[in-house]
Amino acid sequence: MTEPGRSARAGVPERPTLDGIEDTWARRWQDDGTYAFDRTKARADVYSIDTPPPTVSGELHMGHVFSYTHTDTVARFQRMRGRTVFYPMGWDDNGLPTERRVQNVYGVRCDPTLPYDPHWQPPAAPVDDAARKNPTPISRRNFVELCGTLTVVDEQAFEALWRRLGLSVDWSLTYTTIGRAARVASQRAFLRNLARGEAYQAEAPTLWDVGFATAVAQAELEDRERPGAYHRLRFAGPGGREVLIDTTRPELLPACVALVCHPDDERYADLVGTVVRTPVFGVAVPVRAHPLADPAKGTGVAMVCTFGDLTDVTWWRELQLDTRVVIGRDGRLLPEPPAGVPAGPYAALAGQTVAGARRVVVGLLADAGDLVGEPRPVVHPVKFYEKGDRPLEIVSTRQWYLRNGGRDAGLRAELLARGGELRWVPGHMRSRYEHWVGGLTGDWLVSRQRFFGVPVPVWYRLDDTGEPDFTHPLTPDESALPVDPSGEPPPGYDESLRGLPGGFVGDPDVLDTWATSSLTPQIVGGWETDPDLFGRVFPMDLRPQGQEIIRTWLFATVARAHLEHGVLPWRDAVLSGWILDPDRKKMAKSKGNVVTPMALLEQYGSDAVRYWAASGRPGMDLAFDPAQIRVGRRLATKLLNASRFALGLGAADALRAATTQPLDTAMLAELSGVVAAATSAFDGYDHTAALQATESFFWRFCDDYIELVKERAYGTGPGADSARAALATALSVQLRLFAPVLPFVTEEVWSWWRYGSVHRAPWPTTYEVDRAIGGTADAGLLRLASDALGQVRRAKSERKLSMKAEVPLAEALGPADLLDRLTLVADDVRAAGRIGRLDLLPGRTPELVIACAV
């Protein structure tokens, strides 16, 4: 592949400006294929990035700009190091966030019982609140099509912003998590998991989000502090003994199946093995002992219900208790009481919401005299689905699971070992992975009762009574993928047999969005569809991502690659920190404190915003600070103007000429150290340290070196030639050092005097800079000359004189060896300081002092 680029230099403009350069260069990069992946390169020459696909359900915010800029600096650095960079962009467009956005934008809801209407047209968007509160029901197919329509619009807006930010992705590699490639890969992986026994179906207690009407996995939970109340209930024990329990969920009293105490709690030792009766309902339930019971919590004895929380599930399973389910998938109490519960008192609860049932039960308890004292207010953690707004319930449902080590000690050990093989940046993030894997309590629930997702690719035979055979699912051949069981028949069946006894029914569920996103390396790498590409990019080199999704995206991707390929999906994982608002709180859409980036990009320029983003290291939080963005704008402007000045001195024609003067070689020697530091930092994914080293040198280069040599550079002869050669080398090197962070201004300046793109130019090396020196160099001379010039400037400033004011006489005092070194750059110091005569007086002071007679 030939290096894309231009055949002519643009020349230095008379009035360079940052305005408009983003549009100019974004178009040029696209037209020239500057960032195109070269798939002819061997794997050793490829650097592949598993880019996180942002969720397409709203707007990108500064947190996205922060982390994606970090990844882009890596891609640009690796490209300049000679690697062909596989840098795709994806859109995470399926799942609940998209469904909710469609519902809110168009005021619709999915009703799978409705037939498809090919002529249905969505209302004009956005709709008003009344339409959102009373959504129009539409068929599943109409709803899915509407989701697809809206995501395309959102994806175009996201791409426009990413191009404006200057992400150097190869846009021809773009994928979506609902696209054909993703559906094929996701269904293929699931079918192979099923064939190996890693995917299985089970009827079990399931965390359920009532608002979204879907099951939720352990990795998607979060605790939220919510107000509640402890109610003390009186159970009737043997021999007329009262047994008191405290509960925040009295509405689950008809679901009570046992009381539990700690095995070492002597207060209840005599009760273990006996039977007590529930208040109001009079149901006999056993008293059992279990180590999870907390003697210090409440009365020390707990009510076990099916199911109030995850501890109830543990007790129910390990103590082999009865099941009395009372809450349905709609979040209301079931119309009929569970077995053994009298219908009379239950009738008042049937069909009630959880809150309504709680009020009814509390009233019944009070009437029966079994509510002891008044309810005691409490604030306690309640489990929510991370995207939901109603507390989770636990209902019994049939779901698909994927083995992840939660119930398999051997697999858990293997996945922990994979985490140890991975290079973590920063290193302490590994402990979060290990904590999550070590704390898994069950397998990964991967089915969802939603619509806009990858369908579970199985069907079920119906027996002669129309009941499905869940134990022997029907599966398609991989060559037929992707399939939609809700609209296609299984192999060997005709559509006319759908839903009939002796026929079939399709699995109605879709796969969890993470079940697809966990396959991003396989999706974009062409797993099984493009073996040549897959062999060049997989396993990948880098996974950049947020720290909060280590438990979901990172772990799930490791698990899928381990099960399917027996390897890690990538070599390195770089975790980003969070963006904080002025109150030092994490920015998040859910908190309403996010800042969207487009206005800032337009006001300050993309390079300025990228500069702010690059100020935060991996894993470290960064406060959103417009002042830092303004610093970035100033830096980009200075780079533009300093480059114009240096090139105006003739530097463009002096590249690769010899540098002979001590000050010039000193500057380049110091620059060589900067190159080494920046390269080492980028190799360690520390873009911030690389930027700091480069920027620190750049300001000294502008404020000191250019001022010190410009008089010489304006002249003729060997001294002038040396200055121009040094300026050329320094400018060329610094543009490349800045290029990963400031791609637009560096490309603009590069185009004035160099061929091709700076982003395809080789990364600078110490060898390159040292070769330009052409001999020995005293790296400290530039700082010495800068110190001397700074004292002259300070003297003029204290006397309120112009920096152009003449200094008839200046005396340099200091140690003899220091003044001997100063003589090597004395001519440049005199010229820059406009000093008529500079006398050197050794031995007078322990350090350099410049006394000026002005």
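Q522 has its place in helix α13, which covers residues 520–525; helices here are DSSP runs of H or I with at least four residues, strands are runs of E with at least two, and both are numbered from the N terminus. Q522 is buried, with a relative accessible area of 2%, where buried means under 20% relative accessible area, exposed means over 50%, and partly exposed lies in between, for a 1.4 Å probe and protein chains only. Leaving aside residues up to four places away in sequence, Q522 touches W527, F534, F538, A561 and H565, a contact being heavy atoms within 4.5 Å.

## Basis of the model

This is a predicted model, in which local features need pLDDT of at least 70 and side-chain atom pairs count only at pLDDT 80 or more, while totals for chains, interfaces and linings use all residues. Residues are numbered from 1 along each chain as its sequence is written, and side-chain values use heavy atoms, with hydrogens and water left out.

## The chain as a whole

The protein chain contains 26 helices and 29 strands, and its C-alpha trace spans about 110 × 65 × 55 Å along the principal axes. Of the 854 residues in the protein chain, 55% are buried. Among contacts between residues at least 6 apart in sequence, 78% join residues that are at least 24 apart.

The protein chain exposes about 34900 Å², of which carbon and sulfur atoms supply 51%; accessible areas come from the Shrake-Rupley method with a 1.4 Å probe, and for residues only the protein chains shown count as cover. The chain has 96 positive and 108 negative charges, whose mean positions are 4 Å apart. In this count Lys and Arg are positive and Asp and Glu negative, while His and the chain ends are not counted, and each charge is placed at NZ of Lys, CZ of Arg, CG of Asp or CD of Glu.

## Cavities and pockets

Cavities and pockets are found on a 1 Å grid over the protein atoms alone: a cavity is a set of points where a 1.4 Å probe fits but cannot get out, a pocket is an open set with protein on both sides within 12 Å along at least five of seven lines, and lining residues have an atom within 4 Å of a point. By this rule there are five cavities of 30 Å³ or more, where grid points are joined across faces, edges and corners and a volume is the space filled by probe spheres set on the points. The second largest cavity holds about 120 Å³ of space, and its lining has 15 residues, of which G95, L96, R448, D512 and T513 lie nearest its centre. At least two lining residues of this cavity come from each of α3 (96–106), β22 (510–511) and α12 (513–517).

The second largest pocket has a volume of about 1400 Å³ and is lined by 46 residues, with T248, R249, G308, D309 and H380 nearest its centre. The largest share of this lining, seven residues, comes from β9, and the elements that each supply at least two residues include β9 (221–236), β10 (242–247), α7 (310–318) and β15 (371–385).

Strand β15 also holds P375, which counts as partly exposed at 30% relative accessibility. P375 and Y230 are 145 residues apart in sequence, yet their C-alpha atoms are 5.5 Å apart in space. Not counting residues up to four places away in sequence, P375 touches A229, Y230 and H231.

## Loops and backbone geometry

The bond joining V425 and P426 has an omega of about -5 degrees, and P426 is found in the loop between β17 (423–425) and α11 (430–438). The bond from L481 to P482 has an omega near 0 degrees, and P482 lies in the loop between β20 (459–461) and β21 (504–506).

Y685, although not a glycine, has a positive phi of about 60 degrees; Y685 lies in the loop between α19 (662–683) and α20 (687–714) and is buried, with a relative accessible area of 6%. R834 is likewise not a glycine and has a positive phi of about 55 degrees, but R834 is partly exposed, at 31% relative accessible area.

R754 lies in the loop between α22 (743–753) and α23 (766–773) and is buried, with a relative accessible area of 16%. The C-alpha atoms of R754 and G11 are separated by 9.2 Å, although these residues are 743 residues apart along the chain. With residues up to four places away in sequence left out, R754 touches R9, L655, R656 and S732.
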